[in-house]
Each structure stands twice: as C-alpha cells, then as structure tokens.
Amino acid sequence: MRSLSELAAEVEQSGAAGRPALSSLFSQGVVGAILNRHGSPEQRRRWLEPIERGEVQASFAITESDAGTNSHRIKTRAVRDNGGYRLRGQKVFTSGIEHSDIVVVVARTERGLSLFIVDADTVERAEIPTALQMDDRQWTLFFDDVYVDAERLVGSEGDGLKVAFCGMNVERVLTAAVCIGIGLHALAQVTAVSGQAAAHGLAEARIALTGAQLMTRRAAQLYDAGLDRGGEAANMAKLLGSDAGAVALSRAIDVCGFDRLAPYWWTVRTLQIGPVSREMILNFVAERSLGLPRSY
Amino acid sequence: VTAADFAPSHEEQLLRETVFAIAADLGPSYYKRVNAERRPPVELWRALGDRGFLGVHLPEEYGGGGLGLRELAAVLEETSAAGCPLLRLLISPGIVGTILARHGNADQKARWLPGIANASLRCSFALTEPGAGSNSHKLTTLARPDPEGDGYLLTGQKTYISGVEDCDELLVVARDEDGGLQLFMVPPDAPGLDRQPIETALQEPEKQFTLFFDQVRVDDDRLIRGGLKAMFDGLNPERILAAAIGIGIARYALAKACAYARERVVWSSPIGAHQAIAHPLAEGKIKLEQARLMTEHAAGLYDVGAPAGEAANMAKLAATDAGVYCLDRAIQTHGGNGVALEYELTQYWFLARLLQIAPVSREMVLNYVAEHTLGLPKSY
C-alpha cells in the first residue's frame, strides 16, 4: 500500500506533466484510504489490492442535491433486507462512474450513516452536463432498491461519518496536489514575458505554489503517521493548493493565451469549490484552529 | 514517524516558551513605553542576553548555544508574538553574529562573539547607501589603505542604518581599491564618522541614521575577510529572521483579534460568529501556518549549508505579507478600537509594513523568483 505522501507526489507529477490523474483522487485516494483503514480483510483482498494496481476503478458517492456539504442531511437509505441491504435514494456529482467497477455509497442506516461497496453496473445514472473538460464525467446516480450483500458494508454500521472523513481528508490532500501540479504545468508553458507586471504575477503564483506544496506534504505526512488532528493541515492544504493552482493558471493564461491551458480552467476552478468549499474550510479553521464561535 | 517529528523538538519548545515568557512579562505596554520615551529596551535586551538567547546560533566556544538559525528565528518569532519585535535582534546576533562566526578569524571571534551572545555588545550593520538602494554594484563607500600605517581609511555615506544610537560596533560594507566589497568592524565613535538621525513613522526602539565617513581610520585587524560572500552569508539569515518577525506579529495580531471577536457582542452573538469577521481571520491563520512552514524550510536549508536563497526570499515575502494581513485584519476586527492606542495594535503597523520593503523589497523578491525559479529574463 502506497503512503498518501507517495500518492500525492504522483498526483502532483501527473498535473505537472499536463495529464492530471483526477480519477486517482477517488479511486486510489478516497476509496483506497477508506478500504485500507476500515475495510475487512476480504474487502481489502478483493478490491483494495486491485485498486492499488490500477486494475479496479472506484468512484465515491456522497453528495446529494438537498445535502450539499451537510452530511447530516443525507437521505439515501440502506434498509436491512434478506441478510443484506436495499439502497434507495439519489446522489449527484459523482465523478467518473463511467470508468468505474465499483462505487462506494454513503447511505443512512438504522444507526447513523454507513458505507457500501456497490457494483457500478447495477446503478442507474444520468450525466450532468458541466463545463469541465476532463476524462471523468459527472453523474446523477439513482438507487432504486439496489440490493447489496452484508459483506459490502465497510466498517461497522453507523460508523459511516468517521469512515467517510478518513477518505475526505485524503481527497483534500490530493485535490491540493493535483491543483499544484496543474499550476506548475501552467507556469512551465511561459517562456518569455515582457515587463515586471506579468513576471511578478507569475512569481507571486510560484511562491504560492511552493507554500502550498509544503503544506500539502505536511498534511500527507501527518495523515500517514495517523496524526492529522481532525484534518486541519489537509483543509489548509486544500485551500492553499486550489487557490495557488487557480492563480498560476490564470496568470499563465494572461501571458500565453487560452489555447493550451483552457482545458484545465474549469477543473481547477471547480476544485476551489469541491470537494469542500473555500467557505467551509474557513469555517473549519475559524472554529477549530482559532476557537471562534460557530457561524452556521 | 511520531508526533515529535512534526512538532518542534522538546529543546526548541522549551526555548520558545521561555523566550515568550520573558518578553510577555514586559509585553506590548513596555514596548509602547520605551518607544514613547525614545530609549532602548535595555531590560528586555539584558533579560534575553543573560539567559543566552541572543547567541543560541553562535558556537559554544565563543559563548553561544551551538544551535542554528532555526533557533534564533524562534527567538525572534517568540519576542514578536509577545509584542516586543526587535530589529536589533535581527541585526546584532542575526547578521553581524552570523558573519563573524562564519568569516571572522579566531581573534576576531574571541573579541566580539561572546559580547554579542551575552548582550553586552550591540552591533549595527551598515550596507545601504543613498545612491545604491538594492543594487550592491553601486555601493561607493571606499576603503583604501592608510598611507600612514597598517589599516584603512573609509570615506562615503550610508543611510537607513538602524540602531546606531546605542551600538558598540558597526559592521560596514565598503569597496576596496580593486572594486571588491570588504567588511570592517568600526567603532561608532571613530574620528571622522558623523551621523544624522532620519525621522520615520516607525514605532520601534532602534532609530534610523545616515552616516558620513570622512577618512575614518580602521585598524587592519578589524577587516573581516570573505568579501561579497561574507556579506551574502548575512543577508539570507536577515531574510529568514525578517520572516520570523512577520510570523510573530501575525501571531500577536491574530491572538488579539480572536480574543476580541469571542468577547465582543453588539447584536445577539459575539462578532466572531459572523463570517465577515471570522473568515478573514481564518485566511490569516492559513497564511501564517504556510509562512511558518516556508520559514522553517528556509532555516533548515541554511543550517545544513544547502543553498537557501530561493527559500529565504519566498519565506520572507510570504511571512511579511502574513504579518501585515493579520495585523490589518486585527485592526479591522476591533472596529474603532483598532486605532485606539489602548488596544496596542497600531504600534506595530509601520514595522510590519517596513518588513515588506526591507531588508529586501517584495519587488526584488519577485524579480529573484521570476529570474531564478521561473527562468524568465532579467527585467531590470
């Protein structure tokens, strides 16, 4: 099993090479981390090892249209039936299901949230048209009494929030890494500029990328050591990485034009919003790091 | 890997706590008072010197602590976070101490380093000239051999030299007859050396001066060998230590802003529950933590002898920006109280702002990164 530090370095490299490996965020990143930390030995053997080798692709389905960032409002239900569970509900903005063999679904069970491994080909879906130009497309998933065996439950029933957060902190670190990579790729396209107005904009972006890299590495090391207190560093890295990537890309476009760099624009811009928005990160830091009262 | 790999070492943590306690004992009110009285912060300087904190980075055989720049940066950060940012710390042990430790001969080290470490010797650093600014190629202060003996005669002008009012030695950069730069330790009361204070908006114990050198005689045992390289060996630490002051000011400002935002109620909830107040402070916290990683990284590179110019420049920009941002947001969080002297925020403004200009300006840092990191053509 690769460490998050190694995976983040690979993801950053893929971005820097101009071919951002976004599906790694969900497959090896989120689902890999969840199965590694919370999967049963059988789940790890059956899915984690092939995911690691790139033989199985996984998606992650948590977001719902009425829930947004508030996981307490998740309505997709998993009801016990016949020794297994029946899933009913709807997920939105699930990425890359068209390439995936399995999708890990967050659903409400009798005792809180739980996670289930669902075969992708059993799930009804409709594509959400977006401005994104990337390999993975975005989907609405419809679960109409989809049956899964009990062995598809990840972790214990009701532990879903904790299990999901382990994956979501990984997702934040990898989001930062991919944006930093794209930012470095964008700056590398610039070979000549005239004047300090342009050069200094690029230099500021480069400094921001370097700072974000240090924070992302730190967050990955803390995660690998099991020490990322509530995800503080991962959240900070996600904000810094996606901001720095967006600024670098924007400044590079100012100088080089849209031709080569436009395909990355909506990816990076979207990653400033998801998987967790700038605003929710600032809420988190205000509350957890600064001890300010909750604002929402 | 354990938590200890990410936290400061036990030794550094103890150093930080002790320095913070010493400075906080005097604190922002003391800082305000010595500035109003226009006197040096002798009590703070002695308290730090007596405990060996000015020489943490200097060799043990000369009275230092045998640690690195990382630890000296911690001393500057903690004094600043306690409301007592001192440029003198950056200059005397930071620049002059570092240059002497690396380039002084055994006699010179024995003569000056113990005093720098125990606070009995205060040094200033004279590099900037009115006609040169950031361009060291245009330095014109001349050092020529004294025709009447072993020594040199210095002639020229320096400006924005800090803390000359109570310094014991001045480290002066001058050009030799071959055009190379040389460093000299000069007594500030040497015949032919005059000074004129520059009035500034800074509320900081060290005053700024223009210095006039008219055939100032310097003995040849006061020449520090190493020339340009020696000078640059003082400039990267200066940037890293400026970053440490920026981080300390950011910490001080954020702590005050958050305490105020938790207490102050105008409508039904504390103002810190409003995102318009909380989010800028959270952004400040993230800028601060990022700058801290960059500064530790730069100091780490410097301490192992790796090239640290790029990292030091980047850290300096990020940390001094974070200092100004956090202080500005702290003032804003306090509303009208932000400018009341009682709240002890505005007294750091011009120092925080100065650190974006000196020891190297934001613009020169960006030129450096554009040229050296991004490989863009030189723009000036």
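Leaving aside residues up to four places away in sequence, Lys285(B) touches Met236(A), Val285(A), Ser289(A) and Leu290(A), together with Leu254(B). In this predicted model, Lys285(B) lies in helix 7 of chain B, which spans residues 275-303. Lys285(B) is classed as buried because its relative accessibility is 14%, under the 20% limit.

The contact between the two chains draws 42 residues from chain A and 40 residues from chain B. The size of an interface is often expressed as the accessible area lost when the parts come together. For chain A and chain B, the buried area is about 3400 Å², and 75% of it falls on carbon and sulfur atoms.

Polar interactions also occur between the chains. Eleven residue pairs, both members at pLDDT 80 or more, are in polar contact between chain A and chain B. Two salt bridges are found across the interface. A salt bridge joins the side chains of Arg278(A) and Glu283(B), with an N to O distance of 3.2 Å.

On the side of chain A that touches chain B, two or more residues each are given by helix 5 (196-224), helix 6 (232-256) and helix 8 (278-289) of chain A. Helix 5 of chain A provides the largest share of this side, 17 residues. Classified by residue type, the side of chain A that touches chain B comprises 26 nonpolar, ten polar and six charged residues.

Note on methods:
Residues are numbered from 1 along each chain as its sequence is written. Chains are lettered from A and ligands numbered from 1 in the order in which they are written. This is a predicted model: local features need pLDDT of at least 70, side-chain atom pairs count only at pLDDT 80 or more; totals for chains, interfaces and linings use all residues. Side-chain values use heavy atoms; hydrogens and water are left out. Contact means heavy atoms within 4.5 Å. Buried area is the accessible area (1.4 Å probe) that two parts lose on being put together, summed over both. A salt bridge is a side-chain nitrogen of Lys or Arg within 4 Å of a carboxyl oxygen of Asp or Glu. A polar contact is a pair of N or O atoms within 3.5 Å; within protein, one must be able to donate a hydrogen and the other to accept it, and residues adjacent in sequence count only if both atoms are side-chain atoms. Helices (H or I, at least four residues) and strands (E, at least two) are DSSP runs, numbered from the N terminus. Ala, Val, Leu, Ile, Met, Phe, Trp, Tyr, Cys and Pro count as nonpolar, Asp, Glu, Lys and Arg as charged, and the others, Gly among them, as polar. Buried means under 20% relative accessible area, exposed over 50%, partly exposed in between (1.4 Å probe, protein chains only).
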